[in-house]
Amino acid sequence: MFEWIRRKLMQRLNVKREGMQKYEGNLCPNIQERLEKNKLNSRFCIAHYSWDAEYEMDCGTRVYVVDISRRICTCGSWQLSGIPCSHSIAAIQRDKSEPEHYVDPCYSKEAYLSTYNYTIAAMPSEEYWDSKGAEQVNLPKIRKQPGRSKKVRRREADEVRGTTSTRKGLAIHCKKCFRPGHNSRTCKFPIHPKSKFYKVMMLQMLEIQVVMLQTLEMQGMM
Ligand SMILES: [Zn+2]
Ligand SMILES: [Zn+2]
């Protein structure tokens, strides 16, 4: 398996390197393709020179600001990808420069070739390897520590204890107050307005009020 991967890599590095050496352009083909697409879209933008290397790009529905020297466009695409967007291409062309000069050097043919510059050396089988006479490396011996071994995981100093008492191991939350670490039976906090206990409590209070009103009525006091 490992041998197979090594050979595949050896082959792949050569294929990539040779393919690129034959390639004429200065940029990687897929990057050039993307640039051409942006160039095509750049015709919808009208450049207005501001100052220094800054342009205001009127592109129909939206206006972008391009700074050629800092290589940024307010659309964010140029600084993110390193490839001039259609807005900045329009500005670059207005500046009478080539968009290709503004593509990040990481997409150049040289950068590509330097990536694939490494070779994996051919290797003979094990019988032909040099023996350095070094000592063989063994696994460390496992020694049993004295005392009964711990059953519960040792917790961090700031780790909350006993909040994972559900069967699924999730932290429990109180259904009355929505706080973690206890349940509704042992709750000592005020009831949360979104809890179902709150509705029940309000209904009970209403009922009490109704009963009180009824008794008052019966006594002829209202
Ligand atoms: Zn842009
Ligand atoms: Zn509670």
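Residues are numbered from 1 along each chain as its sequence is written, and chains are lettered from A and ligands numbered from 1 in the order in which they are written. In this predicted model, local features need pLDDT of at least 70 and side-chain atom pairs count only at pLDDT 80 or more, while totals for chains, interfaces and linings use all residues.

Helices (H or I, at least four residues) and strands (E, at least two) are DSSP runs, numbered from the N terminus. Four strands form an open sheet in the order E1-E2-E3-E4, with antiparallel pairing, where two strands are taken to pair if DSSP finds at least two bridges between them. Strand E1 (46-51) and strand E4 (72-73) stand at the edges with a single partner strand each, so one side of each is left without a neighbour in the sheet. Helix H4 packs on the sheet and touches E1, E2, E3 and E4, its direction making about 125° with that of E2; touching here rests on contact, defined as C-beta atoms, placed from the backbone, within 7 Å, and the angle is taken between N-to-C directions on a scale from 0 to 180 degrees, with axes fitted as lines to C-alpha atoms, for helices over the stretch in contact.

Along the sheet, E1 and E2 run antiparallel and are joined by five bridges, with Ala 47 having Met 57 in E2 as its bridge partner. These two strands form a hairpin with two residues between them, and Asp 52 in the turn has a positive phi of about 50°. E2 and E3 pair in the antiparallel sense over six bridges; Glu 54 stands opposite Asp 67 in E3, and Tyr 55 has Val 66 in E3 as its bridge partner. The hairpin of E2 and E3 also has two residues between the strands, and there Gly 60 takes a positive phi near 80°. E3 and E4, again antiparallel, are joined by two bridges, in which Val 66 stands opposite Cys 73 and Asp 67 is partnered by Ile 72. Four residues separate E3 from E4 in their hairpin, where Arg 71 in the turn has a positive phi of about 55°.

A nonpolar core is a set of buried Ala, Val, Leu, Ile, Met, Phe, Trp, Tyr and Cys residues joined through C-beta atoms within 7 Å. A residue is buried if 20 or more other C-beta atoms lie within 10 Å of its own, exposed if 12 or fewer, and partly exposed in between, with C-beta atoms placed from the backbone. The largest such core has 21 residues, of which Ile 31, Ala 47, Met 57, Val 66, Ala 90, Ala 91 and Val 103 touch the most other members. Helix H2 (29-41), strand E2 (54-59), strand E3 (62-67) and helix H4 (86-94) each supply at least two residues of this core, and the largest share, four residues, comes from H4. When its neighbours within four places in sequence are left aside, Val 103 is in contact with Leu 27, Ile 31, Leu 35, Gly 82, Ile 83 and Pro 84.

For residues 64-96, an unreviewed UniProt entry lists "domain: SWIM-type"; UniProt positions are given in the numbering used here, feature names are shortened, and annotations may be inferred rather than shown by experiment. The end C-alpha atoms of this span lie 19 Å apart, and the span is 42% helix and 18% strand.

Helix H1 (residues 2-22) has 21 residues and should span 30 Å at 1.5 Å a residue, which agrees with the 31 Å between its end C-alpha atoms; the expected span of a helix is 1.5 Å times one less than its number of residues. The number of buried residues in H1 is zero, so this helix lies largely in the open. Just after H6, Gly 220 takes a positive phi of about 70°.

Lys 96, in the loop between H4 and helix H5 (109-115), has a positive phi near 60° and is exposed, with 6 other C-beta atoms within 10 Å. Phe 178, in the loop between H5 and helix H6 (196-218), has a positive phi near 65° and counts as partly exposed, with 13 C-beta neighbours inside 10 Å.

Notes: Contact = placed C-beta atoms within 7 Å.
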